[in-house]
Amino acid sequence: LDVSTNTDISTRGWTIMNSVIIAKNGSSYIALSSVCTHQGNPLTYNSSNNTFPCSLTDAAHGSVFDSNGAKVQGPATSNVKKYSTTLSGNSLRVFEA
């Protein structure tokens with residue numbers, strides 16, 4: 001992923017590619033499975049508290065995950081998978097640890 005040309009990362013700070021949500025946190029990147037373990041809805045990113053809510057607009061979903069993929073709130077029954085990231089220049093590699 002070329003982070004310098006990805007419009008989602010440059011405008012909102014996160015993107016979803018191949019069922020992985022990638023969020024910019026300062027100068028580093030966080031990558032988690034983008035599929036909520038509650039009902040399979042896509043995650044979003046809240047940069048103000050560095051969390052990954054199932055929905056920014058629908059409180060009925062309510063699940064929230066921390067930057068390690070651990071469930072911190074809501075009806076989800078399990079954590080989401082965390083991926084490793086490495087940045088080389090503008091190229092971000094996301095991979096299983």
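**A close look at Ser 63 and its surroundings**

Mentor: Let us begin with one contact in this predicted model: a polar atom of the side chain of Ser 63 lies 2.9 Å from the backbone nitrogen of Ala 76. Ser 63 itself belongs to the loop between β4, residues 52–53, and β5, residues 64–65. Is this serine buried or exposed? With a relative accessible area of 1%, Ser 63 counts as buried, because that value is under the cut-off of 20%. If we leave out residues up to four places away in sequence, Ser 63 touches Cys 36, His 38, Phe 52, Pro 53 and Cys 54, and also Gln 73, Gly 74, Pro 75 and Ala 76.

β4 and β5 belong to an open sheet of three strands, which has the order β4-β5-β6 and antiparallel pairing. In that sheet β4 and β6, the latter covering residues 71–73, are the edge strands, since each of them pairs on one side only. Two bridges connect β5 with β6 in the antiparallel sense, and in this pairing Val 64 has Gln 73 of β6 as its bridge partner. Gln 73 is also one of the residues that Ser 63 touches.

Two of the other residues that Ser 63 touches, Cys 36 and Phe 52, lead us to the largest nonpolar core, which has 13 residues. Cys 36 and Phe 52 are among the residues with the most contacts inside this core, and so are Ile 21, Leu 32, Leu 43, Tyr 45 and Phe 65. The strands β2 (20–25) and β3 (28–33) each supply at least two residues of the core. As a general point, nonpolar side chains in soluble globular proteins tend to be buried together. Leu 32, again not counting residues up to four places away in sequence, touches residues that include Ile 21, Phe 52 and Tyr 83. Tyr 83, however, is listed in another core, of eight residues, which lies apart from the largest one and has Val 3, Ile 9 and Leu 92 among its other residues.

Finally, consider how β2 and β3 are joined: they pair in the antiparallel sense over six bridges, one of which makes Ile 30 of β3 the partner of Ala 23. These two strands form a hairpin with two residues between them, and in the turn Gly 26 has a positive phi of about 70°. β2 also runs antiparallel to β1, residues 14–17, to which four bridges join it, and there Ile 21 of β2 is the bridge partner of Ile 16.

How values were computed
Residues numbered from 1 in each chain as written. Predicted model: local features only at pLDDT ≥ 70, side-chain atom pairs only at ≥ 80, totals over all residues. Heavy atoms only, no water. Buried < 20%, exposed > 50% of the residue type's maximum accessible area, 1.4 Å probe, protein only. Polar contact = N/O pair within 3.5 Å; in protein donor to acceptor, adjacent residues only side chain to side chain. Contact = heavy atoms within 4.5 Å. Pairing = 2+ DSSP bridges. Core = buried A, V, L, I, M, F, W, Y, C linked by side-chain atoms within 4.5 Å.
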